[in-house]
Amino acid sequence: MTQPSEVLDRVLVLEMVRVTEAAAIAASHLIGRGNEKAADAAAVEAMRTAFNGLDFDGTVVIGEGERDEAPMLYIGEKVGQATKGSPKVDIALDPLEGTTITAKAGPNALAVLAIAEEGCLLNAPDTYMDKIAIGPGYPEGTIDLSKSVTENIEAIAKAKGVKPNELIACVLDRPRHEGLIAELRGIGCGVQLIPDGDVAGVIATTDEDTTIDVYMGQGGAPEGVLAAAALRCVGGQFQGRLVFRNDDEKARARKWGIPDEDFDRIYTLKELAKGDVIFAATGVTDGSMLDGVKRLRKGCMTTESVVMRASSGTVRWVKGEHYKS
């Protein structure tokens with residue numbers, strides 16, 4: 001069992017919801033407007049402002065890129081109103097997970113973040129990551145990223161007591177996944193393709209109502225850390241391996257503390273997010289996990305959020321009504 005952190009006060013649990021709510025509401029004004037950058041910028045600015053109203057000493061370890069590339073919420077940025085004795089935390093965030101989804105008014109766009117004590121979240125570079133994830137209830141070691149797609153599906157099916165053709169895998173709809181999709185369908189496995197939002201895709205494996213048994217494929221490494229943080233709270237298994245397309249990406253990895261000998265390393269759940277972790281998400285658009293921001297009447301908006309904590313194993317669903325003063 002994960003021990004409660006002396007740094008992560010329970011008050012921070014609700015505060016993290018307020019942060020993701022602010023980002024989601026800001027992004028919601030751009031739903032369906034076709035402007036990905038504007039939607040992302042609105043969420044970033046709102047999240048940054050919300051962070052800076054909190055009494056803590058926060059460092060962004062998973063953010064919007066490096067300082068020269070992202071003027072707000074960049075990797076290494078300090079946030080919060082730190083005073084003497086303020087808790088020091090590392091932060092992984094994606095103010096708008098699903099920028100394209102939001103611009104096109106599609107499903108499953110989220111504002112997400114995770115916090116942990118210093119050094120407990122992998123400072124993953126902005127590269128791709130091969131991922132595989134399943135929800136709770138399976139024997140440890142059921143999945144293995146070093147094995148083939150077919151071998152993993154067979155192992156999951158055996159552990160679940162079903163045939164491979166009774167499973168459904170969630171995969172990002174990308175040309176790079178053509179081979180993966182073909183292999184899954186070749187063994188009779190169902191495939192649910194999603195246009196974006198692989199954090200939501202990984203979390204979907206923890207909810208039986210989604211019917212998704214496994215998440216597979218290649219997505220962003222930062223999103224991998226966020227997804228791992230969520231699974232740390234509710235259970236499940238996750239493995240990830242960084243993917244480098246060029247020497248520049250390898251140089252970025254070295255800059256953020258990833259040694260050359262770890263370039264081919266398969267990271268487990270607790271290597272990506274260890275210790276006590278708080279994860280929070282608010283829906284921007286309607287999805288399988290959360291409802292999006294709604295405008296019910298003049299001056300009122302509603303939000304739906306989820307917040308989890310690893311040490312308590314608690315998942316709280318938070319519905320908010322926000323009235324303009």
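Reading the pockets of a predicted model

Analyst: In this predicted model, the second largest pocket has a lining of 17 residues, and those nearest its centre are Glu 140, Gly 236, Gln 237, Phe 238 and Leu 269.

User: How should I read the word "lining", and which elements supply at least two residues each to the lining of the second largest pocket?

Analyst: A residue counts as lining when it has an atom within 4 Å of a pocket point. Here helix 7, strand 9 (237–243) and helix 9 (269–272) each supply at least two such residues, and strand 9 gives the most, with 3 residues.

User: How much space lies in the second largest pocket, and how does its lining divide by class?

Analyst: The space in the second largest pocket is about 290 Å³, and its lining is made up of 6 nonpolar, 8 polar and 3 charged residues.

User: Which residues lie nearest the centre of the largest pocket?

Analyst: They are Asp 94, Asp 126, Asp 196, Gly 220 and Glu 223, out of 27 residues that line the largest pocket, whose space is about 680 Å³. By class, this lining holds 12 charged, 8 polar and 7 nonpolar residues.

User: Which element gives the largest share of that lining, and which domains does the lining draw on?

Analyst: Strand 3 contributes the largest share, 4 residues, while strand 3 (88–97), strand 8 (214–220) and helix 7 (221–234) each supply at least two. On the level of domains, at least three lining residues of the largest pocket come from each of domain 1 (10–120 + 276–323) and domain 2 (128–272).

Key
Residues numbered from 1 in each chain as written. Predicted model: local features only at pLDDT ≥ 70, side-chain atom pairs only at ≥ 80, totals over all residues. Heavy atoms only, no water. 1 Å grid on protein atoms, 1.4 Å probe; cavity = no way out; pocket = protein on both sides within 12 Å on 5 of 7 lines; lining within 4 Å. Points joined across faces, edges and corners; volume = space filled by probe spheres on them. Nonpolar A, V, L, I, M, F, W, Y, C, P; charged D, E, K, R; others polar. Domains from an automatic or database assignment.
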